Each structure stands twice: as structure tokens, then as C-alpha cells.
Amino acid sequence: VIRCRAAVAWAPGKPLSVEEVEVAPPKAGEVRIKLVVTGICRTDEHLLQGCFPNAEFPVIPGHEGAGIVESIGEGVTSMNPGDKVIPLCLPQCGECSFCQNPQSNFCQKSQISEPQNLLPDKTSRFSCKGKQIHHFLWVSTFSEYTVVPEYAVAKIDAAAPLDKVCLFGCGFSTGYGAAINTAKVKPGSTCAIFGLGGVGLSVVMGCKTAGASRIIAVDINKDKFAKAKELGATDCINPRDFKKPIQEVITEMTGQGVDYSFEAIGHADTMIAALASCNMNTGVCVMVGVLDSKISIDPTLLLTGRTWKGTMLGGWKMRECMPKLVSSYLEKKFNSDLLITHTLPFAEVNEGFELLHAGK
């Protein structure tokens, strides 16, 4: 058993508490990872507010980390102690019908199919003050050590800087893949991205890499515009600067709407606006943000031929694609480093969430 620090959420709506926790050794088919770095993602915020479906408290949040294998359980063959790895909040078991379908990146062992509050054997590897602590999406990266099933870990290039590629565990992969894999953005096309947080800026990068000729970035926070332009946006617009709905503004800017639109916020009104912003016949709208409410739409938005689709972790089969994404990063095919705004010591994890709330 390893004793280490972890940020524990004891109850919804309360700040995280940095505690000493006990992390049990890995069982068969599991890997224990020494986490070096973790990102903070809006999904962790949903969990802390009690909005994440089927989550259980107390819990160690975090799902966007990178680290080094500390030990492996019986039967683990794809990695060894000392390997650099990224734990995956979307597993790839390789056995379910989705994993075996080349067009699918979803795994039936993921959170949407069954809760990942405990490891597959329905027990936890975490305890604190004599209490069992739940896992989050099996990865719980807000802990200095974590235990994850082998099929929810990707081994990556030993040259990768962990403090940069940790973003690939969720935010960067989700946004970049939404453009490359889910929308399949074509060269010369037009795109609109709603929301310029880490995910939305990653969509901008994906559209640029795919060769889009016009990339319209939409946000009510003008402080995001400089970075969006640096990453490839051609136009930046603030809906508050216009008297008419933003979808009408985008349709006027482009003639008939964009070829591809992306919603990376998770609000019902911006999802409708993103759908209405793309060309009514061949436009594709990709839902990237996580919505915590129901949504009602006018079906004529789809009747004329628009496509509305969602993406899970950017459409990547995570275990097999993560090493390739990291290699592309090392080859400088994109500069995801620009997404990193602050680096804080672990004890200041709550300050990290304050920066998230402030749009910084």
C-alpha cells in the first residue's frame, strides 16, 4: 500500500480537500501509476457540483493526467514499470462490439454504459481515514498515485513531456478529434466554433490542420480571441456585439452558413445556434460540450439535410490512437502547448478551479 496526497471531494458543492490517502496495489489486469501532472477540465467541475450522472462521493476527481507506471498486476503485458503513460477516461477493452467496429471509438465499459466509481471488480483501491473513496472515470488523476485497468491506459513515447501531453487525456484530444475524425473537415471549407475554452481552441487547431479556409471563433469572452487567432481562427466574434441572433450573423458572413459548426460549451441555446449556423443542406454540426439539461429543437433544422452529431473524446480509439497523437505532437504537427495558461502546485488545486470559473 502506498500513502500519498490526493484531492478528495467529500461531498458535492464543497471545495476539494488535500488529504493523505492509501492506494492499494494493482490486482490482476491493473496498473498503478505515479501521476506527475493533471489538467483541470470542466467535467471535473460538473462532478464537484453534483451534476455528473451516477457519480458517488467521497471521490477523487481528475481525468486528464500523465504519469509513470509504478507497478503492474498479474497478466499485464502492454507496459512495464518506468513506462510513461496517459490514463484514459474512455477505455478500449478491445472485446466489445463497439471496440471491434473500426468506425466506433466508444467502449461498452465506459461510464455511459455503467458507472466507473469502482474498478471492474466493484472494489476501490483508495481509502482515507478508514473510509472507502470512489474512483472517477476509473482514472482519478487528482491523486499522486492511482490504479487503473490496463485497457484504460496508453503507453506513450518516452520523450514526451508529461506536463504538456497530459491535455491529451481529454481536452485536446476531444476538440482536435471533433474536427479531424467526427466532422472530417475538408480542405477549403468554412467552420464556426462556439466556445473558446481548451476544447474549443483544440477544435480551432483541428480545423486548421484539416485545411479549413475560414474559421469563425465565437465567445462572449474577448480575452480568448488573441489565442484563437494564434491557433488559426480567421474571424472572432462576440454575440453580445450584435442585436440579431449569432446564427444569423454567421449565415450573413458566409452566404449560406458554414460547412461545419462545433458547440464546445454545453448550453442548450448555443447548441441550437451552432446547429442553425451550418448550411441547411450539407452542413455538419458537432456537439462537443456536455449538456446538463434537455433540449428541444425545430425539426425543420434537420429536415433539409443538416447533420447533427455528437463526439466522445474526439472519435479516437484511445489506446491505439493516443501514442500516435503524442508522436504527432513531438513532430510539431500542432502546438497544443498554447492551451496551457497556468501551472500550479498540487496544494493549490482549488485555485485552479477559481481560474476556470473566471474564464482564465
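1. Strand β10 and strand β13 (residues 260–263) run parallel and are joined by 4 bridges. Two strands count as paired if DSSP finds at least two bridges between them. Within this pair, I193 stands opposite F262 in β13. Helices (H or I, at least four residues) and strands (E, at least two) are DSSP runs, numbered from the N terminus.

2. On the basis of the note: this is a predicted model, in which local features need pLDDT of at least 70 and side-chain atom pairs count only at pLDDT 80 or more, while totals for chains, interfaces and linings use all residues. Residues are numbered from 1 along each chain as its sequence is written, and side-chain values use heavy atoms, with hydrogens and water left out.

3. β10 also pairs with strand β11 (residues 214–218), in the parallel sense and over 5 bridges. Here T190 stands opposite R214 in β11. Right-handed is used in the sense that, with the strands pointing away from the viewer, the path from the first strand over the helix to the second runs clockwise.

4. How many residues of β10 (residues 190–194) are buried? The count is 5 of 5, and the strand is mostly covered. Buried means under 20% relative accessible area, exposed over 50%, and partly exposed in between (1.4 Å probe, protein chains only). Both faces of β10 are covered, with T190, A192 and F194 buried on one side and C191 and I193 buried on the other.

5. From β13 the pairing continues to strand β14 (residues 284–287), which runs parallel to β13 and is joined to it by 4 bridges. E263 stands opposite M287 in β14. β13, α7 and β14 make a further β-α-β unit, which is right-handed. β14 in turn pairs with strand β15 (residues 307–310) in the parallel sense over 4 bridges, and M287 stands opposite G310 in β15.

6. Helix α6 (residues 246–254) has I246, V249, I250 and T254 buried. Seen down the axis of α6, its buried residues fall within an arc of 115 degrees, so they line one face of the helix. The arc is that of the directions from the helix axis to the C-beta atoms. These buried residues pack against β10, β11, β12 (235–237) and α7 (268–277). Just after α6, G255 takes a positive phi of about 95 degrees.

7. In helix α10 (residues 349–357), the buried residues include V349, G352, F353 and L356. They cover an arc of only 95 degrees around the axis, which puts them on the same side of α10. Among the elements that cover the buried residues of α10 are β1 (2–8), β2 (17–23) and α1 (42–48).

8. Across the boundary, 17 residues of domain 1 are in contact with 14 residues of domain 2, where contact means heavy atoms within 4.5 Å.

9. N181 sits in helix α3 (residues 171–183). Not counting residues up to four places away in sequence, N181 touches G314, G315 and W316. Its side chain reaches the backbone oxygen of G314 at 2.9 Å.

10. N117 is found in the loop between β5 (84–87) and β6 (126–128). Is N117 buried or exposed? At 4% relative accessibility, N117 counts as buried. A polar atom of the N117 side chain lies 2.7 Å from the backbone oxygen of N54, and the N117 side chain makes a polar contact with the side chain of E56 (3.5 Å). A polar contact is a pair of N or O atoms within 3.5 Å; within protein, one must be able to donate a hydrogen and the other to accept it, and residues adjacent in sequence count only if both atoms are side-chain atoms. Leaving aside neighbours within four places in sequence, N117 is in contact with N54, A55, E56, H134 and H135.

11. C96 is also placed in the loop between β5 and β6. C96 counts as buried, at 10% relative accessibility. Leaving aside neighbours within four places in sequence, C96 is in contact with C107 and Q108. The C-alpha atoms of C96 and G171, 75 residues apart along the chain, are separated by 25 Å.
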